[in-house]
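Please have the sequence and the coordinates at hand while reading.

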Amino acid sequence: MTLKNLVRVLSCCLLLCIASFAQSNPDDAEGCKDSPIIARMPGSKINSCENKEYEQFGFPLKPDADGNAAEKKVEGEFHSWDYATREGMSNIQLYRNFTTALKKAGFTIDYPNEPETITAHKGNTWIYIEDKETYYYQTIVTAKEMEQEVTADAASMGDEISKSGHVAVYGINFDTGKATIQPSSEPVLNEIVKLLQNDASLKLRVEGHTDNVGAAAANQALSEKRAQAVVAWLTQHGIAANRLVAKGFGSTKPVADNSTDEGKAKNRRVELAKM
């Protein structure tokens, strides 16, 4: 190997070492590592981190004309870090570095609150950086719909109705834009049958609810048809018709933010209310 080639190899090795050092620190908290979305400030170390499969976070936005705080609530895959910065770093230095890096990566800066905080997003990924002079917080949430892992059973539905007079039921699925009940809904519907069989005096109003996508009149009609479809299914499976009433509310009673996919999914529901 010539001297010239040796110098090239050594230079490449040095650059790789520098890049690696900028992304890691032997003093990082155990089990913590950087996000693949954005690097840390060189010389920083991770004091702590938190990772959750699904969580909600309020990303600060610019206050309104009256000075009231605003935020964007995002639910999905959640990661947060507490980074200690190297000695001598200023607020504006960290702020400028991250603002520039995020813009180059294609992020939209939603709230450039110089020099302390930054809120930005790209697609369904949101990031928040808050500088505390000697350390900074970094939070990233990638919005996604929560996977429903728990299905209500007759006992839990009965307990909630006894306590509050109604219960939201998820897992009754319909064809998009229609009142056709999908076969995957049968386990939940069978639990409602058990609920009514266990308490012969119980009478229920079956309520249909939608998100706010589409015209209000269309959503109202769809919610009524879906509630009627559930009542029809229950009566076909042994429940007396005089114990059930169908009622649609369209998008008038949301339980979550309709500006997110996760919120819309929560608002598309069937509720059972005691009569």
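Predicted model: local features only at pLDDT ≥ 70, side-chain atom pairs only at ≥ 80, totals over all residues.

**Disulfide**

The count of disulfides comes to one. C32 is joined to C49, with an S to S distance of 2.1 Å. This is within the 2.5 Å cut-off for a pair of cysteine sulfur atoms. The pair links distant parts of the chain, 17 residues apart. C32 lies in the loop between α1 (3–23) and β1 (45–61), whereas C49 belongs to strand β1 itself.

The torsion about the S-S bond of C32 and C49 is about -85°, so the disulfide is left-handed. The two cysteines fall into separate accessibility classes. C32 has a relative accessible area of 12% and is therefore buried, the limit for that class being under 20%. C49 has a relative accessible area of 25%, so C49 is partly exposed.

**Helix packing**

Two helix pairs are described here, and α4 takes part in both. Their geometry is tabulated below.

| Helix pair | Angle | Axis separation |
|---|---|---|
| α3 (residues 154–164) and α4 (residues 186–198) | about 60° | 8 Å |
| α4 and α5 (residues 216–236) | about 65° | 10 Å |

The angle of α3 with α4 makes the two helices oblique. Their crossing is right-handed. On the α3 side, the contact is made by A154, M157, G158 and I161. The α4 side contributes E191, I192, K194, L195 and N198. By class, the residues of this contact of α3 with α4 are five nonpolar, two polar and two charged.

For the second pair, the angle makes α4 roughly perpendicular to α5. The class of roughly perpendicular runs from 65 to 115 degrees, and the angle of α4 with α5 is about 65°. α4 passes α5 in a right-handed crossing.

Which residues of α4 meet α5? They are E186, L189, N190, I192 and V193. Their partners in α5 are V230, W233 and L234. The contact of α4 with α5 has six nonpolar residues, one polar residue and one charged residue.

Terms used: Residues numbered from 1 in each chain as written. Heavy atoms only, no water. Helix = DSSP H or I, 4+ residues; strand = E, 2+ residues; numbered from the N terminus. Buried < 20%, exposed > 50% of the residue type's maximum accessible area, 1.4 Å probe, protein only. Axes fitted to C-alpha atoms, helices over the stretch in contact; angles between N-to-C directions. Parallel < 35°, antiparallel > 145°, perpendicular 65-115°, else oblique. Left-handed = near helix turned anticlockwise from the far one by under 90°. Contact = heavy atoms within 4.5 Å. Nonpolar A, V, L, I, M, F, W, Y, C, P; charged D, E, K, R; others polar.
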